[in-house]
Amino acid sequence: LNSAYLKLLRVIARHRTLIPLLLDIGKNYVPPQTASIYTLLRQLRDLGDIFLKCLTTTSEQEKAKEASQTSQALANDIVDTFNILDEAIQDLRLHGEEDEEAEAKLENILQSPLAKAYPLLLKDLRFDYMNMKDANGKYKHHYSSSVSANYNPPPTKMVRLAQELADLSNSLPTEHTNAIYIRVDQSRVDVMKALVMGASGTPYAHGAYEYD
């Protein structure tokens with residue numbers, strides 16, 4: 001069923017007149033739209049990227065169980081479908097057919113109170129990848145001495161880690177009084193850094209604390 005939905009989206013992306021259906025449809029429709037198909041698929045793409053990134057860090061990927069291979073195939077399908085939709089939407093915008101709500105939406109966010117603007121502007125920065133190695137290839141990490149360059153974790157561990165990171169990327173708090181930002185190494189997804197913004201009402205309030 002998931003594959004059928006993704007196939008339908010790829011068909012829609014081939015027809016310029018149907019592409020707007022994938023975007024925001026406006027507030028005058030009932031019931032109100034919570035998120036566009038494009039936005040939802042982008043979120044799934046992000047989760048798929050995280051899952052695939054975890055799997056590619058192990059040389060024993062082919063030994064994963066059948067269930068893991070099915071999940072991998074679905075993640076690849078999601079990423080490929082999003083790329084097709086994104087290319088079609090960008091082409092639509094390139095030809096001047098983009099809905100002009102984007103700039104107005106950003107302006108409204110900037111004029112909003114801090115409590116509302118903060119999560120809207122920073123929620124997409126909660127989770128990302130980065131290169132944690134210096135010019136000599138050594139990890140700039142407190143536990144760098146424990147990171148083995150030749151470590152090949154078992155597939156079961158990487159699949160589990162992929163699931164956890166996928167959940168984590170959308171569940172981290174992002175409020176102006178309480179926020180957490182995670183960065184994962186590009187080549188070792190089990191090497192991470194966390195930036196914790198002290199929660200209001202605690203001794204750590206208004207501070208930023210980095211943890212390896």
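1. Isoleucine 180 is partly exposed in this predicted model. Its relative accessible area is 23%, and the range for partly exposed residues lies between under 20% (buried) and over 50% (exposed). That is why isoleucine 180 does not count as buried.

2. Strand E3, which covers residues 178-185, contains isoleucine 180. Apart from neighbours within four places in sequence, this residue is in contact with Arg126, Leu172, Pro173, Leu195 and Val196. Two of these partners, Leu195 and Val196, carry numbers that fall in strand E4 (192-197).

3. Histidine 206 sits in the loop between strand E4 (192-197) and strand E5 (208-211). Its phi is near 70°, which is a positive value in a residue other than glycine. The relative accessible area of histidine 206 is 80%; because the cut-off for exposed is over 50%, histidine 206 is classed as exposed.

4. As for the whole protein chain, it has six helices and five strands. Read from the N terminus, the order of elements is α-α-α-α-α-β-α-β-β-β-β.

5. Of the 212 residues in the protein chain, 33% are buried. The chain exposes about 13700 Å², and carbon and sulfur atoms supply 54% of that area.

6. Contacts in the protein chain can also be sorted by separation in sequence. Taking those between residues at least 6 apart, 63% join residues at least 24 apart.

Conventions
Residues are numbered from 1 along each chain as its sequence is written. This is a predicted model: local features need pLDDT of at least 70, side-chain atom pairs count only at pLDDT 80 or more; totals for chains, interfaces and linings use all residues. Side-chain values use heavy atoms; hydrogens and water are left out. Helices (H or I, at least four residues) and strands (E, at least two) are DSSP runs, numbered from the N terminus. Buried means under 20% relative accessible area, exposed over 50%, partly exposed in between (1.4 Å probe, protein chains only). Contact means heavy atoms within 4.5 Å. Accessible areas come from the Shrake-Rupley method with a 1.4 Å probe; for residues, only the protein chains shown count as cover.
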